[in-house]
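Me: I would like to learn how to read helix packing in a model. Please take me through it step by step.

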Amino acid sequence: MSEKENEIPSTPKKPAVSPGVNLAIIIGTILFPVIGIAMGFTYFRKDDPAAKKTGINWLLLGVLMFIVHIVLVSTMK
């Protein structure tokens with residue numbers, strides 16, 4: 001048998017976060033910024049670099065939306 005016949009075919013790597021979950025967290029963060037902050041912090045602590053990047057994105061979006069919500073509420077008074 002040759003070397004190629006003994007090799008196990010490589011399976012494609014699963015993404016750290018599925019596109020559906022990513023979209024759901026983004027929409028949830030826009031409505032409720034604490035979701036993005038909590039999920040961002042959780043994923044930022046993982047070892048996978050893709051999960052860390054996603055966590056940072058969610059965390060930044062959460063903080064940004066928190067500030068936007070505060071500004072919107074303060075201008076409504």
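**Reading the helix packing**

Reply: Of the 77 residues in the protein chain, 18% count as buried. Bear in mind that this is a predicted model.

Me: How many helices and strands does the protein chain have?

Reply: The protein chain has four helices and zero strands. Along the sequence the pattern reads α-α-α-α. For contacts between residues at least 6 apart in sequence, 54% join residues at least 24 apart.

Me: How are two packed helices described?

Reply: Two numbers are used: the angle between the axes of the helices and the distance between those axes. In this model, helix 2 (residues 19-31) packs with helix 4 (residues 49-75) at an angle of about 20°, and their axes are 8 Å apart. Angles under 35 degrees count as roughly parallel, so helix 2 and helix 4 are roughly parallel to each other. The crossing of helix 2 past helix 4 is right-handed.

Me: Which residues of helix 2 and helix 4 meet?

Reply: From helix 2 there are V21, N22, I25, I26, T29, I30 and L31, and they meet T54, W58, L61, G62, M65 and H69 of helix 4. Sorted by class, this contact of helix 2 with helix 4 has eight nonpolar, five polar and no charged residues.

Me: At what angle do helix 2 and helix 3 pack?

Reply: Helix 2 and helix 3 pack at an angle of about 130°, with their axes 5 Å apart. That makes helix 2 oblique to helix 3. In this pair, I25, G28, T29 and L31 of helix 2 meet P33, I35, G36 and M39 of helix 3. By class, the contact of helix 2 with helix 3 has five nonpolar, three polar and no charged residues.

Me: What does helix 4 look like by length, and which of its residues are buried?

Reply: Helix 4 has 27 residues and reaches 39 Å from its first C-alpha to its last, close to the 39 Å expected at 1.5 Å a residue. Its buried residues are A51, T54, G55, W58, G62 and M65. These buried residues of helix 4 pack against helix 2 and helix 3 (33-44).

Me: Now for single residues. Is T29 buried or exposed?

Reply: A residue counts as buried under 20% relative accessible area. T29, in helix 2, has 0% relative accessibility and therefore counts as buried. Leaving out residues up to four places away in sequence, T29 touches I35, G36, L61, G62 and M65.

Me: Where is H69 placed, and what is H69 in contact with?

Reply: H69 is in helix 4. Its relative accessible area is 27%, so H69 is partly exposed. Apart from neighbours within four places in sequence, H69 is in contact with I30, L31 and P33. H69 and L31 are 38 residues apart along the chain, and their C-alpha atoms are separated by 9.2 Å.

Me: Is V34 buried or exposed?

Reply: Exposed means over 50% relative accessible area. V34, found in helix 3, has a relative accessible area of 58% and is therefore exposed. The C-alpha atoms of V34 and L59 are separated by 9.2 Å, with the two residues 25 apart along the chain.

Methods: Residues numbered from 1 in each chain as written. Predicted model: local features only at pLDDT ≥ 70, side-chain atom pairs only at ≥ 80, totals over all residues. Heavy atoms only, no water. Axes fitted to C-alpha atoms, helices over the stretch in contact; angles between N-to-C directions. Helix = DSSP H or I, 4+ residues; strand = E, 2+ residues; numbered from the N terminus. Parallel < 35°, antiparallel > 145°, perpendicular 65-115°, else oblique. Left-handed = near helix turned anticlockwise from the far one by under 90°. Contact = heavy atoms within 4.5 Å. Nonpolar A, V, L, I, M, F, W, Y, C, P; charged D, E, K, R; others polar. Expected span 1.5 Å × (residues − 1). Buried < 20%, exposed > 50% of the residue type's maximum accessible area, 1.4 Å probe, protein only.
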